Amino acid sequence: MNRPDLQALPQIRDRMTFLYLERCQINRRDSAISVLDETGIVLIPAAAISVLLLGPGTSVTHRAMELIGDAGVCMIWVGEHGVRYYASGRPLTHRAGLLMRQAALASNKKQHLDVVRKMYQLRFPGEDIAHLTLPQLRGREGARVRAAYRRAAEEWGVEWSGRLYDPDNFAEGDAVNQALSAGHACLYGLAHAVIVALGCSAGLGFVHIGHENSFVYDIADLYKAETTIPIAFEVAAQQPDDLPAVTRRRVRDAFVRQHILERMVQDIKWLLSDGEEDGPHEENKVLLWNNQREAVRNGISYGKEPGERV
């Protein structure tokens, strides 16, 4: 198979979204990805996939990676069912539009605040929060999370004295704090994978700043009250032998059932949107920055004299 032109590949919206594989060998057969496990072989058209998530027990050949790269597939190495992010290859697209928009919004004080307000709007749907200051929004958010902890503790009869944990000593925390840490780690992993796949920066946050994963924490916080918090209290009340493993599996299943991955994609695009739909574009177009007007074309020798051959 010759390397196809980008224009010949299916658009992202026409592909399958995220495909998760585990405990298998990944190879190449012509223009298809070959997946071998104990049940047999499955052939997957490379150009039909957007993101390939590689879970535990996977191995991939160099030939397979050559095809995956040519087809524009994003590769992400994750924990079981995508609940931990380890590493990644390229994003879904050659375009840097979403990343540039994220950087512009994070760098402009007014626009930065607008994104923060949109994040809080997702937490308080149907409420008018336009008149609230940033300290007031933080206070509302703190009250919302405390209420979520309190409801879960009352529902499952778990004693709750606050979020107390040592990141360097997991075993020191009580059962519910251990379950919260395990569940939140899964949510951070999924958020990180989605952010990378969309070509955004994990470090350019809005509510959180200054950390390499600031945007990861921003996005994960949107879903804790409906996923990891209630699950952590339920698992802590059941007192299983392997609390972290049980928590991870329960969180994993909740992500699938509540379509958290798809919602993250939509929410990130909405948070960073400028209110207009993307129009036609050239996927591999490279421009030169210009400080006085719009960007100019690349591939031209602007310093040559009239009639000079380059």
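Analyst: Happy to! Let's start at A191, which is buried, with a relative accessible area of 0%; here buried means under 20%, exposed over 50% and partly exposed in between, using a 1.4 Å probe and protein chains only. Please keep in mind that this is a predicted model, in which local features need pLDDT of at least 70 and side-chain atom pairs count only at pLDDT 80 or more, while totals for chains, interfaces and linings use all residues. Residues are numbered from 1 along each chain as its sequence is written, and side-chain values use heavy atoms, with hydrogens and water left out.

A191 belongs to helix α5; helices (H or I, at least four residues) and strands (E, at least two) are DSSP runs, numbered from the N terminus. Setting aside neighbours within four places in sequence, A191 is in contact (heavy atoms within 4.5 Å) with V216, I219, A220 and M264. A further distance to look up in your viewer is the one to D221: this residue is 30 positions from A191 in sequence, and their C-alpha atoms are 9.8 Å apart.

What does α5 pack against? Helix α5, residues 175–197, packs with α7 at an angle of about 140°, and their axes are 8 Å apart. Axes are lines fitted to C-alpha atoms, for helices over the stretch in contact, and angles run from 0 to 180 degrees between N-to-C directions. The angle makes α5 oblique to α7, because under 35 degrees counts as roughly parallel, over 145 as roughly antiparallel, 65 to 115 as roughly perpendicular and the rest as oblique.

From the α5 side, A175, V176, A179, L180, G183, H184 and L187 meet T228, I229, A232, F233 and A236 of α7. Sorted by class, this contact of α5 with α7 holds 9 nonpolar, 3 polar and no charged residues. Ala, Val, Leu, Ile, Met, Phe, Trp, Tyr, Cys and Pro count as nonpolar, Asp, Glu, Lys and Arg as charged, and the others, Gly among them, as polar.

Helix α7 (residues 228–238) also packs with helix α8 (residues 243–257), again at about 140° and with axes 10 Å apart. These two helices are therefore oblique to each other, and α7 passes α8 in a right-handed crossing. In α7 the contact is made by T228, I231, E234, V235, A236 and Q238, and in α8 by L243, V246, T247, R250, V251 and A254. Here the residues divide into 7 nonpolar, 3 polar and 2 charged.

E234, in helix α7, counts as buried at 17% relative accessibility. Not counting residues up to four places away in sequence, E234 touches W156 and R250.

Now for the wider setting. The chain has 9 helices and 10 strands, and 40% of its 310 residues are buried. Of the contacts between residues at least 6 apart in sequence, 60% join residues at least 24 apart.

Among the strands, an open sheet of 4 runs in the order β4-β3-β2-β6 with mixed pairing; two strands pair if DSSP finds at least two bridges between them. Its edges are β4 (40–45) and β6 (58–60), each of which pairs on one side only. On average, neighbouring strands of this sheet are turned by 25° against each other, direction ignored. Strands β2 (residues 24–29) and β3 (residues 32–37) are antiparallel and joined by 5 bridges, with R29 partnered by A32 of β3. Helix α1 (residues 62–70) packs on the sheet, touching β2, β3 and β6, and its direction makes about 65° with that of β2.

Elsewhere, β5 (residues 49–54) is mostly covered, with 6 of its 6 residues buried. It runs parallel to β7 (residues 74–78), to which 4 bridges join it, and L53 has I76 of β7 as its bridge partner. Strand β7 also holds C74, which is buried with a relative accessible area of 0%. The C-alpha atom of C74 is 5.3 Å from that of R90, 16 residues away along the chain.

Conventions
Left-handed = near helix turned anticlockwise from the far one by under 90°.
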